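Here's a quick briefing on a protein with a ligand, written for someone who likes to know the cut-offs. Have the model open while you read.

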Amino acid sequence: EKGGYEHFMLKEMNEEPKTVRDTLNPRIVENDVVIEELGMSDEEIREIKQIRIVACGSAYHTGVTASYVFEEMARIPVAVEVASEFRYRNPILNPTDLVIIVSQSGETADSLAALRLCKEQGIQTLGIVNVVGSSIAREADRVMYTWAGPEISVATTKAYSAQLIALYLLSIKFADVKGLLAKEEKKELINDLKKLPDQIELLLHNKENIQKFATRYIAAKDVFFIGRGIDYAISLEGSLKLKEISYIHSEAYAAGELKHGTISLIEEGTLVAAVITQQHLYQKTISNMVEVKSRGAFVLAVTNEGNTEVEKAADYVIYVPETSHYFTNSLAIIPLQLFSYYVSVGKGCDVDKPRNLAKSVTVE
Ligand code: M6R
């Protein structure tokens, strides 16, 4: 059932264009975002004063990305929290909050407990869930499905990509209802969303180059991922992907935090992956790349086509096609997923079933 692929993870990465299309298309109607299942009137949307996104692992990382998108595009404050923290902190919730629980399986114990806690307090909840009929899908007040189909590999790829799309759509919808999107801007955003599947496809075609690059790092001890803003959120996911399937110690840092401790870990040849897709932060991240490079790091940059300026601070550059700055995660994550995959394969790890991990964490 691997459809001719060596691993489910590779199969599922190759399904990402379709997954993105399937999650997007039913919700784009004549150049407008229509999320019927949301069942909220414009009035109700305008009443939302804060969004709380609660999730675990990669789903939490989509929430981190979404926090930047919602705040900038829809001007709604967002608090993102890992479910295992949220549920035990006696969170202060308000009737004007919307709590979004993101979960591929819909069965993650902590996420489900967080959802129940919100419901007990009468706070409105929205599940972004992949498995139809799962506990979170059944219990949330509203559910928006990601149409990724069954995901077998423990390391999530296509469901993660679909979650991002669901969150982008919500953000456009909320921003539009609040009157924050000019007609032209909305049209451009929707057009950029529609282009994502083909652009992802293109990035997947580059797999041989990434494979070659990855084989140089199968013996790495530590890898660091750095970025700012949405690029920081992408770094979090890039790092998790690598550590969970290759067993290489990796960490993601907000690039501006390097100087506050982490930079002492850089040694001759340490791989630092810099994600640099946010134009207004280019110069800031380039300075951080220069700092680690001058201390011996080998710098891999993932950046937008045309941003050749990074070449002065990077040893290897992967370019991703142009899209709205809100959506770059959907593209930049593809080479990072491929990188993790090929490091794992190169090391001979059990890619689809990494040690100590379960696909769905149904116990605390
Ligand atoms: O099923 P869920 O989306 O609730 O799962 C959340 C995490 O357990 C999951 O994303 C995990 O971090 C993945 N193994 C990451 O690839």
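This is a predicted model: local features need pLDDT of at least 70, side-chain atom pairs count only at pLDDT 80 or more; totals for chains, interfaces and linings use all residues.

Numbering runs from 1 along each chain as its sequence is written, and side-chain values use heavy atoms, with hydrogens and water left out.

**Confidence**
- The chain averages a pLDDT of 97, with 100% of its residues at 70 or more; pLDDT is the predictor's per-residue confidence, from 0 to 100.
- On the model scores, ipTM comes out at 0.98 and pTM at 0.97.

**Ligand contacts**
- The side chain of Thr 108 puts an N or O atom 2.5 Å from a ligand oxygen (a polar contact is a pair of N or O atoms within 3.5 Å).
- Thr 156 uses its backbone instead, with a polar atom 2.9 Å from an oxygen of the ligand.
- For Lys 241, an N or O atom in the side chain sits 3.0 Å from a ligand oxygen.
- On its own the ligand exposes 410 Å², and the protein buries 91% of that (accessible areas by Shrake-Rupley with a 1.4 Å probe).

**Strands S8 and S9**
- S8 (residues 222–227) pairs in parallel with S9 (residues 249–254) over six bridges; strands pair if DSSP finds at least two bridges between them.
- Helices (H or I, at least four residues) and strands (E, at least two) are DSSP runs, numbered from the N terminus.
- Within this pair, Phe 225 is opposite Ala 252 of S9.
- Together with helix H11 (residues 230–246), S8 and S9 form a right-handed β-α-β unit, where right-handed means a clockwise path from the first strand over the helix to the second, with the strands pointing away from the viewer.

**Around strand S11**
- Why is S11 (residues 298–304) largely enclosed by the rest of the structure? Because seven of its seven residues are buried, that is, under 20% relative accessible area (1.4 Å probe, protein chains only).
- S10 (residues 271–276) runs parallel to S11, joined by six bridges, and Ile 276 faces Thr 303 of S11.
- Getting from S10 to S11, the chain passes through helix H12 (residues 282–293) in a right-handed β-α-β crossover.
- S11 is also joined in parallel to S12 (residues 316–320) by five bridges, with Val 302 opposite Ile 318 in S12.

Methods
A polar contact is a pair of N or O atoms within 3.5 Å; within protein, one must be able to donate a hydrogen and the other to accept it, and residues adjacent in sequence count only if both atoms are side-chain atoms. Buried means under 20% relative accessible area, exposed over 50%, partly exposed in between (1.4 Å probe, protein chains only).
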